[in-house]
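User: I would like to learn how to read a structure file feature by feature. Please take me through one, giving the general idea and then the case.

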Amino acid sequence: MLLDETPLFDPALLQDLDWSSNSISFSPPISPSNPGEGLILRPLCTADFTRGFFKVLSQLTKTGDVSQELFIKKFDHMKKTGDYYVVVVEDTQLGQIVATATLITEHKFIHSCAKRGRVEEVVVTDVCRGKQLGKLLVATLILLSKKLDCYKITLECAPKNVTFYEKFGYKASDETYMQCRFFD
């Protein structure tokens, strides 16, 4: 099993986003096609395993001990389903992933068999915080979910992050988030 540059999903989905319909302002201006000097925003690829992808994720939560083989197996599964959109920001000068976020689409029977988008694992490495990359990732995933015809997009966040997500139009729902956790 080799690590390569094959993207998890078609990069054209990101390149074709209508950024003019983005309602969030950026100062200085950045976009998916121009995320900042020396940075590129793109789909995850297996070569990102050696570019610090898990190092970034570990700043959000426990990642566990993931082997290259297990990573490739999970990547292949996600690619095959076509419902996972893991976006990364790479610092091309360092050859390192500095931010990531995931959009997962759920297929529903409700709303005329529509799709729901769910944002997960938004994280920017500590050395790149303050460069609007989290904001860029969330705005990108919102536009991507619209492009994929999701009827809504949801996320779960810590109370301290509510204000951040409200800027994008997220609001608390009448539903209560509950869970049964089987592992830490």
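User: Where is Met78 found?

Analyst: Helices (H or I, at least four residues) and strands (E, at least two) are DSSP runs, numbered from the N terminus. Met78 is in helix H3, residues 68-81. This is a predicted model, in which local features need pLDDT of at least 70 and side-chain atom pairs count only at pLDDT 80 or more, while totals for chains, interfaces and linings use all residues. Residues are numbered from 1 along each chain as its sequence is written, and side-chain values use heavy atoms, with hydrogens and water left out.

User: Which residues is Met78 in contact with, leaving aside neighbours within four places in sequence?

Analyst: Contact means heavy atoms within 4.5 Å. By that rule Met78 is in contact with Leu8, Asp83 and Tyr84, once neighbours within four places in sequence are set aside.

User: Is H5 enclosed or open?

Analyst: Buried means under 20% relative accessible area, exposed over 50%, and partly exposed in between (1.4 Å probe, protein chains only). In H5, 13 of the 15 residues are buried, so the helix is largely enclosed by the rest of the structure. Over the chain, buried residues make up 43% of the 184 residues.

User: What should I look for in the backbone angles?

Analyst: Most residues other than glycine have a negative phi, and most peptide bonds are trans. Here His111, in helix H4 (residues 110-113), has a positive phi of about 50 degrees. His111 counts as exposed, at 51% relative accessibility. Glu121 also has a positive phi of about 50 degrees; this residue lies in strand S4 and is partly exposed, with a relative accessible area of 39%. Just after H5, Asp149 takes a positive phi of about 65 degrees.

User: Which residues does a cis peptide bond join?

Analyst: Ser27 and Pro28, with omega about 0 degrees. Pro28 sits in the loop between helix H1 (12-15) and strand S1 (39-43).

User: How do I read the surroundings of Arg116?

Analyst: Begin with its place, which is strand S4, residues 115-124. Not counting residues up to four places away in sequence, Arg116 touches Ile104, Thr105, Glu106, Lys108, Cys150, Tyr151, Lys152 and Thr154. A polar contact is a pair of N or O atoms within 3.5 Å; within protein, one must be able to donate a hydrogen and the other to accept it, and residues adjacent in sequence count only if both atoms are side-chain atoms. The side chains of Arg116 and Thr154 make one of 2.7 Å.

User: What is the pattern of the chain, read along the sequence?

Analyst: With 6 helices and 5 strands, the chain runs α-β-α-α-β-β-α-β-α-β-α. Along its principal axes the C-alpha trace spans about 45 × 40 × 30 Å. Among contacts between residues at least 6 apart in sequence, 70% join residues at least 24 apart.
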